[in-house]
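Colleague: I have this model open and would like to go through it with you. Could you start with whatever term I need before we look at how helices sit on strands?

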Amino acid sequence: MRRTLALVCAAVTSMVAIAFLIPLAVIVRDVARDRAFTSAQLTGAAIEPVLAVTTSRATLARAIASTQAGEAGQLAVFLAGPRSGDRVSGGTLVGGPQHASDADLRLAVTGGESFIAPVPGGYAVLQPVALGASGLAVTEVYVPAAEVSRGVFASWAVMTAVAVALIGVSVLVADRLATRITRPARALAEAAGALGNGDLTARSTPAGPPELVAAGDAFNVMADRLSRLITAERVMAADLPHRLRTPLTALRMNAAGLGPGRAADETRLAVSRLEQEIDLIIRAARRPAPDEPAGCDAAEVLTERMAFWSALAEDQGRACHLTGAERTVRVPVPRSDLATAADALIGNVFQHTAEGTGFAVTLHAGDGVVLVFFADGGPGISDPDSALQRGSSGAGSTGLGLDIARRVAESTGGGLKIDRSALGGAQVQLWLRTGAPLSRRTGRGGRRRLISR
C-alpha cells in the first residue's frame with residue numbers, strides 16, 4: 001500500500017509539474033530572447049542622434065567606439081548610397097565588423113523596416129535611419145547566440161530541481177500518510193496471526209484511522225471472549241476428571257469385591273477402561289490456561305487437594321495427614337499442573353492399597369528446591385524403576401499417574417523418586433526446583449539425605 005500510494009502521488013505531482021514546467025520554460029526562453037533583442041535595439045537607437053547631426057565617418061567612428069557594443073565590435077553603421085527606385089548604389093560601413101549579409105543590408109535599406117536577421121554565431125538587429133530627403137543609414141547590432149540564451153538553462157535547471165523536490169516531498173508525505181494506515185493494519189494482522197497460532201494473549205493496539213481503530217477494538221473484544229470461552233472449557237475439562245475420581249475409585253473397589261466370574265471380569269475391565277479415559281482427560285487438561293500464572297503456592301494447592309480426597313479417605317477408614325503447609329511455599333509450576341500431579345499420586349494410594357491404609361503428604365522447602373513426599377502404609381512398590389516407566393503398572397491401571405507427576409517435576413529441572421516410607425509402604429518424592437542448583441559440596445549423598453528426611 002505504501003508503495004502504491006507513493007507511486008500515485010509521484011505520478012500526479014509529475015504530471016502537474018510538467019504541465020506547469022513546459023509553458024514556464026518556454027516563457028523563460030522568450031523573455032531571454034526579448035531582453036537580448038530589446039537591448040540591441042536600444043543600442044542601435046543610441047546612434048541615431050549622432051546620425052541626425054552628421055554623417056562624418058570620423059565622428060560616427062568615435063560615437064560607435066564610445067558604446068559598449070561598439071567597443072566589443074558588435075555595432076556598425078551602414079551609410080547607403082543614392083537610391084534609384086528599389087536599387088541602392090554603393091554604400092559605406094562605419095564601425096563593424098559587418099555580420100549581416102549584403103542582401104540583408106539592401107533589404108533593410110529598400111524596405112525601410114527594422115528586422116532581425118540570423119547570422120553565423122548569433123543574430124543581427126538591423127534598424128534603418130533616415131538621413132534626410134534622400135539619405136538612409138542602417139544600424140547593425142550583433143547579438144551572440146549565447147546572449148540570447150543567457151540564464152535560460154540555469155532557470156530551467158532551477159525549475160527542474162524545484163519540480164523534483166516537489167515530487168520528493170509529495171512522495172514523502174504520501175508515505176507518512178500511508179504509514180498511519182499500514183502500521184496499525186500490519187500490527188492487527190500480526191495479532192490475528194498470533195491468535196490463529198494459539199497465542200490467546202495476543203491483542204492489538206488500536207491506532208490509525210477510525211476504521212482501523214474500530215477493527216482493532218472489535219478484534220480485542222473477540223480475542224477476550226475467545227480466551228474466556230477456552231478458559232471456561234479448560235476449567236470444566238480439568239474439574240470433571242477430579243469430580244469423577246471419587247465415584248470411580250469407589251466403583252473400582254466395589255468391582256474388586258465381586259469375586260471371580262465373567263460378569264465381574266467385564267465390570268472390572270470396563271472400570272479400567274473408564275479410568276484410562278479419565279487419565280487421558282486429566283493429561284489433556286494439564287496444560288495451563290493462557291491467563292494462569294506460571295507459579296503457585298504449593299501449600300494452598302496441597303491443602304485444597306487433601307480436603308478433596310479426605311471425604312473418600314473418611315469413607316474408607318483411611319487416616320490422612322498433611323504436614324508443612326502452614327506457610328506459603330512458592331513453586332514455579334502452574335496451579336493446574338501441581339493439582340493434577342497431586343491428584344495422580346494420591347489417587348494411586350487409593351488404587352493400589354487396601355481400604356483402611358493410611359497415607360501422609362509432607363511439604364518441605366529446601367535450598368533451591370521444594371520437596372513433596374507422598375507416603376502410605378501399603379505394601380510398597382517392589383520395582384521402583386519399572387513403575388516410573390511410562391504406562392507401566394502392576395495393578396491393572398493405566399500407569400500414567402507417576403508419569404504425569406514426573407513430567408511436572410522435570411518441567412522445573414527436578415525429578416521424581418520412589419522409596420520406602422516411614423509408614424512401611426511406598427514414598428513418592430516429588431522434587432521441584434525453585435532456584436539455583438544445590439551446591440557442589442552437598443554431592444549426591446547430601447541430596448539423598450535431604451529427600452529421605
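Modeller: Contact here means that heavy atoms lie within 4.5 Å. Please keep in mind that this is a predicted model. With that term in hand, you can see that helix α3, residues 57-65, lies across β1 and β4, running at about 35° to β4.

Colleague: And which strands does helix α5 lie across?

Modeller: Helix α5, made of residues 102-111, lies across β1, β5, β6 and β7, and its direction is at about 130° to that of β7.

Colleague: What is the order of the strands in the sheet with β4 and β1?

Modeller: The order is β4-β1-β7-β6-β5, an open sheet of five strands with antiparallel pairing. Its edge strands are β4 (91-95) and β5 (115-119), each of which pairs on one side only, and neighbouring strands are turned by 25° against each other on average, if direction is ignored.

Colleague: How many bridges join β1 to β7?

Modeller: Five bridges join β1, residues 75-80, to β7, residues 136-144, and the two run antiparallel.

Colleague: Which residues touch the most other members of the largest nonpolar core?

Modeller: They are V331, L338, I346, L363, F374 and L430, in a core of 36 residues. The elements that give two or more residues to this core include α10 (298-315), α11 (335-352), β12 (369-376) and α13. Apart from it lies another core, of 18 residues, among them A40, L51, L60 and V141.

Colleague: What does F374 touch, leaving out residues up to four places away in sequence?

Modeller: Its contacts include L302, A342, L345, I346, V361, V428 and L430.

Colleague: Last one: why is helix α13 described as largely enclosed by the rest of the structure?

Modeller: Buried means under 20% relative accessible area, and eight of the 10 residues of α13, which spans 401-410, are buried, so the helix is largely enclosed by the rest of the structure. Those buried residues include L402, I404, V408 and A409, and also D403 and R406.

Technical notes
Residues numbered from 1 in each chain as written. Predicted model: local features only at pLDDT ≥ 70, side-chain atom pairs only at ≥ 80, totals over all residues. Heavy atoms only, no water. Buried < 20%, exposed > 50% of the residue type's maximum accessible area, 1.4 Å probe, protein only. Helix = DSSP H or I, 4+ residues; strand = E, 2+ residues; numbered from the N terminus. Core = buried A, V, L, I, M, F, W, Y, C linked by side-chain atoms within 4.5 Å. Pairing = 2+ DSSP bridges. Axes fitted to C-alpha atoms, helices over the stretch in contact; angles between N-to-C directions.
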